[in-house]
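Here are my notes on the model, as numbered points. Please read them with the structure open.

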Amino acid sequence: MSSAGAGASLAGRARAVLAADGPAAARILVTVVVSWQVALWLGADQPPVYAAIVPLVALRGDPVTALATSVHRVLGVVAGVLIGIAVLSVLRPSTAVLALVVGLGLAVGLVLRADGGPNSQVAVSSLLVLASTAPDAYAFHRMWETGAGAVVTVVLAPLLWPPDPRRILPHLAEDCRARLAQALTGTAAAVGGAPGPARDNLAVVTAHGAAVTAAAARARQAERALRFSPLRRRRRAEVRRMVRAVGTGERVVADVTALAREAVAFAGRPDLVPVLADARPWAAELAAATAGALDLTLSGDDPGPRIAAARGLLAAYVRADARPAAVALRRPFQRILDTLDEARAERAG
């Protein structure tokens, strides 16, 4: 690659990174500066570092997390400071006292959980009080400065460059569509094959399912962020429809995975060779038709005709083969189509 080409590629990557993460970085920078200045206006006689730390800890790509994180941080600071002051009022600093303070902080942090895990801020604050030469003054400044930073963060986070869920949700839906289509067609190809390829396919399908579940969680987070963004609230109905579409992908993950497990369970069984040989072309057609219906559902279009076509294939397969293995292979397709019909009815309602 020429130097000009390499430079253009580097510039392109830089623009992509800036477009993706620039607003979040700018949001943090502005909120840090405002928190610092507000603390100075409120009378801070030392650099108000604690006020500025709050947005650095609390703000992430999605401003919906700012409120909860700030509240947990304030609670952690207050609890940690109280622990440190209480212990130092009766004991002198020592290694044993350090163990006691940190242990109490960790125990309280298990109760005041943050982001689904222990609130480590309790132990950190109690330890910092222990290390202070003037714990009473330290505690007072740390608490009010942290509170000021939390208030500024909660107020500014939804207003500064709020992310637009409409930009990310179509990409999430497309990724889910591609993964589920690959999972269905890959499993159809594994039906009647050797055990090794069937197990490999199950591992791929499981990974795709985990990715779809993560995408659905991210879509719901984007919808929650919209509730806290006064600049985006008018788009709630549109975003809700897109989130439901991605959620439908998550709802079919279990049945897509169940189909792959059936392929593994049947692989290599001599007694099932005839039924699996007959099942393979049916599975391929059903996988293609079901993937098409999923594609339309996740893209927001009407999947009705595709669902009807898939059900027609399923009915023809029922008439052609009533053997137990064929019934087991059809069952996941039936449940997926039922889910798509339910999603279609919910959207129409």
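**Cavity, pocket and one buried glutamine**

1. The largest cavity has a volume of about 40 Å³. Keep in mind that this is a predicted model. The count is 1 cavity of 30 Å³ or more.

2. Which residues line the largest cavity? They are Ala-279, Ala-283, Leu-286, Tyr-317, Leu-329, Arg-330 and Phe-333. Helices H11 and H13 each supply at least two residues of this lining. By class, 6 of the lining residues are nonpolar and 1 is charged, with no polar residues.

3. Turn next to the second largest pocket. Its volume is about 510 Å³. The lining comprises 28 residues, and those closest to the centre are Arg-241, Ala-245, Thr-297, Gly-300 and Arg-347.

4. H9 gives the most, with 10 residues. The pocket lining divides into 11 nonpolar, 5 polar and 12 charged residues.

5. Gln-121 is a separate item. This residue lies in helix H5, which spans residues 121-131. Is Gln-121 buried or exposed? Its relative accessible area is 12%, so Gln-121 counts as buried, the cut-off being under 20%.

6. What does Gln-121 touch beyond its neighbours within four places in sequence? Its contacts there are Arg-73, Gly-76, Val-77 and Arg-142.

Notes. Residues numbered from 1 in each chain as written. Predicted model: local features only at pLDDT ≥ 70, side-chain atom pairs only at ≥ 80, totals over all residues. Heavy atoms only, no water. Helix = DSSP H or I, 4+ residues; strand = E, 2+ residues; numbered from the N terminus. Buried < 20%, exposed > 50% of the residue type's maximum accessible area, 1.4 Å probe, protein only. Contact = heavy atoms within 4.5 Å. 1 Å grid on protein atoms, 1.4 Å probe; cavity = no way out; pocket = protein on both sides within 12 Å on 5 of 7 lines; lining within 4 Å. Points joined across faces, edges and corners; volume = space filled by probe spheres on them. Nonpolar A, V, L, I, M, F, W, Y, C, P; charged D, E, K, R; others polar.
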